[in-house]
Amino acid sequence: MEKYKEASFKELGPHVFAIGGIAYREMINEDRNKCILVSGESGSGKTETTKMLMRYLAYFGGHTAGEGRTVENQVLESNPVLEAFGNAKTVKNNNSSRFGKFVEIQFDDVGRISGAAIRTYLLERSRVCQVSDPERNYHCFYLLCAAPPEDAERFKLGDPKSFRYLNQSSCYELDGVNDAEEYLATRRAMDVVGISETEQDAIFRIVAAILHLGNIEFCKGEDADSSSLKDEQSMFHLQMTSELLMCDPNSLEDALCKRMMVTPEEVIKRSLDPLGAAVSRDGLAKTIYSRLFDWLVNKINISIGQDSHSRRLIGVLDIYGFESFKTNSFEQFCINYTNEKLQQHFNQHVFKMEQGEYEKEEIDWSYVEFVDNKDVVDLIEKKPGGIIALLDEACMLPKSTPETFSEKLYQTFKNHKRFIKPKLTRSDFTLVHYAGEVQYQSDQFLDKNKDYVVAEHQDLLNASKCSFVSGLFPPLPKASSKSKFSSIGARFKLQLQQLMETLNLTEPHYIRCVKPNNLLQPTVFDNANVLHQLRSGGVLEAIRVKCAGYPTNRTFIEFLKRFIILAPEILKGEYEADDACKWILDKKGLTGFQIGKSKVFLRAGQMAELDAHRTKVLGEAAKMIQGQVRTRLTRERYVLLRRASVNIQANWRANLARKISRYMKREEAAIKIQKNLRRQIAIKDYGNTKSSAVTLQSGLRTMVARHEFHYKLKSKAATVIQSYWRGYSAITDYKKLKRASLVYQSKLRGRIARKQLGQSNQADKKKETEHEREVELSNRAEEAVDKSFVKHSDESGDEDMGHDRETTHSIQEDDGTEKSFVMHSEHSDDGEIRHERETKHTTIQADDGIEKSFVMHSEHSSDEEKGHERHTEHTIQADDGIENPFVLDSENLYNNFSDVSHITNPFRDTEIESLTAEVEMLKALLQVEKQRADISERKCDEARELGERRRKRLEETEKRVYQLQDSLNRLLYSMSDQFSQLKSILRSTSMSSTMAASAPVVRDDLADSSENSEASSTDSDFTFPAPSSSSPDNPNQLQVIVQDLSTTEAKGTEIKKEGGFEDYF
């Protein structure tokens, strides 16, 4: 539809949308009413074509979406409602329209649909009661039988085969059609067109009542000419009919079986025989259905509404096509009569009026012959003497029969070329229509032409308790009650005349629907059948006239008014109308046109070409105007937008600046708060760290001092014990040696004395003198030897005591060395204290002798505990080995002393010998001193080498400490912010109590042996806070805080556990 909406006529291929589009555009542009006549044989697609046209016009002139229930929607949804109640399956078509429909679509000044009106013509009432096989009754009956179970139960409906009005044919379903879905679609369409739920229920209740009414059967009554209900089944259907129509069942039975005859004297009630009762029943059904259909059409017109102010309309005619069956009754006669009138209108418009216009305007034109059907139309409708007039006359005569009516036709039209009397029949007659010959059976012409309501039926339904039913049968006026007869043929003739008058007031467009085949199959074309339809419909002659003639003509005024813009220079001069029109046509290069007296006649397609030029000029002018207007509007809009944007930007920037200012203030306040908070936290952390460090240092120093004090006490006690023991040992040995030497000397001297006793008395005095001197020298020597021995023993005792103290200190220092190496990276202050203590202790011990220094350095340089112990034992053994030469020297000294004593016997009386002995003794002592000096020098060299190795190890250890310190600083620096945030949250409520409860406690088990010290160091838990910045140049800056978690855990009732980070601070 969008493609044909924008395209001009003949720009695209032939289509229904193209006809609708050109009709709509001509109505808008030329301000003329249009009509589109859709014609063709039955089954050629007129109904579907009409629906497509209405949908396209609704698309063209429809309202915007979201405007609710619009007129075009109501017009479109009226089609399913009218099709359900007015269409049925015939031999040639599955959805044949059994009524004529003319839809007037009204438009307002802007081209939108503003109203609509639907007119119907000649509903086929006889189909309600009589259906030929394989046709079907009206669709609404089958839709109601397929309704949902609740509706079917309420109306007591079931299979269509169980109803007499439906089972006359073997066709109950249509291919590709679901009656249940169509029923729901019809109900939705009723909602759209404005039929309420109550009215819908009443409509389908009447349809159900018609079905039950058809199942009422009659039999002979008690009297000869009377009738009664046949069986219980008929009684049930009678009861259901009365319930659905809400009337009295006895009154319904009387209305069907009896008649009231009004005479001048009295009113006589007579009974009807079963056949008359059945005819009365069928007449009631047809009357009810006809009134119901008329009510639907009127309701749709009221719901849609008509625009009384509308001056533009497009009419769409959808009427039954030409029909010719085996049995053609009164309905086919009326249908074909309608098609003859439409064909006459077509001929008058296309041929007669066109060629008459050419003659009137005196243009060069050759007359075209065509088939005129005026004689057939006069044969049917001429008054008096036409078929319809003769039929009305026969209906008014009480004794007329179909045979008498046919005989009257034979006599009247025996010489008419369009009327043929068939052979071997008395009631049939044949008419030669424009589409072919059709033989009609006049058996039911008289009954079907009578249009009156039985008085009993009228009174019965008017008294119904259902307002809807009583509304269908209002009381008749007095004038109509006197004359009950009304001719359907005459009324239909009047409707056709009114339709022709409406069509003559509009400019028609024709759509000829051609049925491709009689098999109802797609893509199958019967060429002979198609050519016959084209020829009988006058399409070929119309094409020939259009090709040879001038299909478009306009008066000079209309032409100039419309196309003066193609030659604006005409307005500057004074030209006649015909010359001006010719000027325009010549300027656009058109040929073949003719100029009449008052009109311009154009060939086919020239009007479209002029419209194209006009549209182009108007488009260019519109573009220029639009350009200027859009430029101005755009400029104004730009200025407004610029001004608004500047204001918006200013306000936005001010708002943004305020936000930034608030943000900066908040950020500054947050920074100050964070700074103060971090400062307070840092001060608290520093205070806690300082107090912990001071407590730890004091504890460590106290422990070290206590250990040193205990060590000094032990060393002093050991020294005293050793001194007493060595003194006691030396004195005991000395006394034993002295006693032995005295005994020996006394014995020796006694023996010598006894040997010399017998010498002369002269020498006794001299010997006694010499003996006394010798004894004196011996005493002096003994005193000297005792002094030297005591001194040597004291030095040996001091050396042994220092060695023991050095050994103990070496063992203790080994443990300290291991602890210092393990904890050096954590306790730099403790390392400094220990280093100072070791330096002082080493300096003090270095004064005691080179041996103790050597032992200390050799023990301190050891890295492993077992090797250190072995080295310590080896050192102790070496010291013992060193002490042995001293003991040996002492013993040698005493032996030498013995020797000296022996030398200084009386045999050596001279002083030289004694001096010589002293010199020998001194030499021996000198030799001993030289040996000790060599040993001391050797130990000093070893100590220097050991000191050099120790210094190298110390440097390596310091480097490792620096590396560990840097790694720890980086780790703690990255965690400092997180720790500070977590501490501020975790310790906000219990800062003071946590600080008091987390004070460090010093372990006293550091004074144990190396093994116990290692166990205690591994069993204890230590945490490390963030150290202050340190540098490799100043390793003493590394601060280590040790806290014993085992001690703090013992105070579990006093400390609130706030996470693992609380133990660090």
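Predicted model: local features only at pLDDT ≥ 70, side-chain atom pairs only at ≥ 80, totals over all residues.
Residues are numbered from 1 along each chain as its sequence is written, and side-chain values use heavy atoms, with hydrogens and water left out.

Let's begin with the helices. Helix α4 covers residues 71-86 and helix α7 residues 179-193; they pack at about 135 degrees with axes 8 Å apart. So α4 is oblique to α7, because oblique is what remains once angles under 35 degrees (roughly parallel), over 145 (roughly antiparallel) and 65 to 115 (roughly perpendicular) are taken out. Which residues make the contact? From α4 we have N73, Q74, E77, S78, P80, V81, A84 and F85, and from α7 T186, A189, M190, V192 and V193, with contact meaning heavy atoms within 4.5 Å.

Next, please find R127, in the loop between β5 (113-121) and α5 (139-145). Is R127 buried or exposed? R127 is buried, at 3% relative accessibility; buried means under 20% relative accessible area, exposed over 50%, and partly exposed in between, using a 1.4 Å probe and protein chains only. Leaving aside residues up to four places away in sequence, R127 touches A88, K89, T90, R98, E135, R136, N137 and Y138.

Finally, the cysteines. C129 is buried at 5% relative accessible area, and C513 is buried too, at 8%.

Notes: Axes fitted to C-alpha atoms, helices over the stretch in contact; angles between N-to-C directions. Helix = DSSP H or I, 4+ residues; strand = E, 2+ residues; numbered from the N terminus.
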